[in-house]
Amino acid sequence: MAIRSRNGLFNVQEDGGPESRFAGELRLQPNAYGTFTLVNDVDIEVYLRGVVPHEIGPNAPDNAVEAQTIIARTYALRNLRRFEADDYELCATIHCQVYKGLQGTSPRIDQAIARTKGLVLTYNNELVDALYSSTTGGVTASFSDVWDGAERPYLKAVIDSPNPVWDLKGNSLADEQAFRKFIALNQGFNETGRTVFRWERSATLQELATTLQTYLERTQNPLAGIQTVQKLEIKRRSPSGRVLELDVTTDRGIVKLLKNEIRSALGPPRSTLFYLQPNLNPQNQLTGYTFVGGGFGHGVGMSQYGSYNLANLGWSAARILQFYYPGTTLQPLDESIVFWRETP
């Protein structure tokens with residue numbers, strides 16, 4: 001059912017909360033859950049007005065806002081097919097991009113959207129997989145550090161600093177000792193001083209067992225039903241330092257966690273950029289672990305807080321994007337650009 005208004009504006013109130021304003025058209029349609037989905041049909045440039053302020057923040061420097069706008073536009077256009085089975089294109093949450101209609105718009109951010117109208121980021125004339133996160137922890141991740149599938153050559157490990165604070169070629173962070181030295185560094189990075197740039201979070205063995213059991217039940221893992229966690233062991237890291245494989249010894253056997261599911265299965269880690277510090281009681285018995293790490297989220301592509309620093313240093317949006325997505329091209333959208341190709 002299509003819903004229209006004379007001025008193309010709507011006020012929507014969700015679950016008794018505050019009203020939000022939306023432009024364009026609304027469509028109410030049944031979904032697979034036996035309820036209804038409210039779909040907002042809106043032009044891409046208007047859509048960005050509801051995304052950019054909430055993704056990059058209202059106080060971001062102008063060039064960081066422009067970089068975010070270009071990436072958000074590229075992300076949206078590349079992912080139009082994501083919810084094709086549900087008869088809409090993008091969700092409005094962090095699982096896609098945060099979208100709040102006309103709530104939180106500002107003239108300054110609107111101007112940045114207008115200045116970059118139609119600009120997208122491409123690689124070999126195809127829209128890039130425009131992934132980004134709030135905080136990388138000092139080094140971006142490769143696509144394959146987090147997800148399975150074909151590598152994206154422009155999504156690779158980059159030290160998140162304008163200065164040569166670490167040589168990845170000579171000191172791969174796949175090495176445990178090199179990684180611990182890297183995490184001990186906290187100066188000279190784009191995100192230095194940010195709350196989740198460096199962090200420590202602890203959990204007892206029982207707390208780890210509880211969160212892991214919840215995950216195993218949700219994913220219908222055959223080892224669901226564990227009672228205790230006895231040991232955690234990092235088995236493999238990527239060159240960017242991300243944990244690729246972690247073994248959890250339980251009373252029902254070893255649970256092998258891979259890549260991004262480590263964050264889903266265990267409570268403490270804010271990212272997979274961490275090492276484990278065992279916690280012992282006075283009798284020298286293991287009681288739990290402290291996760292010592294950096295960054296928040298997957299760490300692939302642009303760091304939003306990193307872009308703040310680069311913009312404040314005078315870097316243009318184009319230079320910021322080239323830094324985080326090396327080998328890409330910034331260009332106006334035209335009919336020759338491929339939105340996506342099927343990848344294995």
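How many salt bridges does the structure hold? The structure holds 16 salt bridges, a salt bridge being a side-chain nitrogen of Lys or Arg within 4 Å of a carboxyl oxygen of Asp or Glu. The model is predicted: local features need pLDDT of at least 70 and side-chain atom pairs count only at pLDDT 80 or more, whereas totals for chains, interfaces and linings use all residues. Residues are numbered from 1 along each chain as its sequence is written, and side-chain values use heavy atoms, with hydrogens and water left out.

**View 1. An open sheet of three strands has the order S10-S11-S12, with antiparallel pairing.** Strand S10 (229–237) and strand S12 (253–258) are the edge strands, each pairing on one side only. From one strand to the next, the twist averages 20°. Helix H6 (residues 205–218) packs on the sheet and touches S10, S11 and S12, its direction making about 70° with that of S10. Contact means heavy atoms within 4.5 Å. Axes are lines fitted to C-alpha atoms, for helices over the stretch in contact, and angles run from 0 to 180 degrees between N-to-C directions. Helices (H or I, at least four residues) and strands (E, at least two) are DSSP runs, numbered from the N terminus; two strands pair if DSSP finds at least two bridges between them.

**View 2. Strand S11 (residues 243–250) pairs with S12 in the antiparallel sense over six bridges.** Asp-247 has Lys-256 in S12 as its bridge partner. Lys-256 also forms a salt bridge with Glu-245, the closest N and O atoms being 2.8 Å apart. Because Lys-256 lies in strand S12 and Glu-245 in strand S11, this pair ties together parts that are eleven residues apart in sequence. Lys-256 is partly exposed at 42% relative accessibility, whereas Glu-245 is buried at 14% (buried means under 20% relative accessible area, exposed over 50%, partly exposed in between; 1.4 Å probe, protein chains only).

**View 3. Strands S13 (residues 274–280) and S14 (residues 286–293) run antiparallel and are joined by seven bridges.** The bridge partner of Gln-277 in S14 is Thr-290. Five residues lie between the strands of this hairpin, in which Asn-284 takes a positive phi near 65°.

**View 4. Glu-126 and Arg-78 form a salt bridge, with the closest N and O atoms 3.2 Å apart.** The pair links distant parts of the chain, 48 residues apart: Glu-126 is in strand S7 (residues 126–127) and Arg-78 in helix H3 (residues 62–78). Glu-126 is buried at 13% relative accessibility, and Arg-78 is buried with a relative accessible area of 6%.
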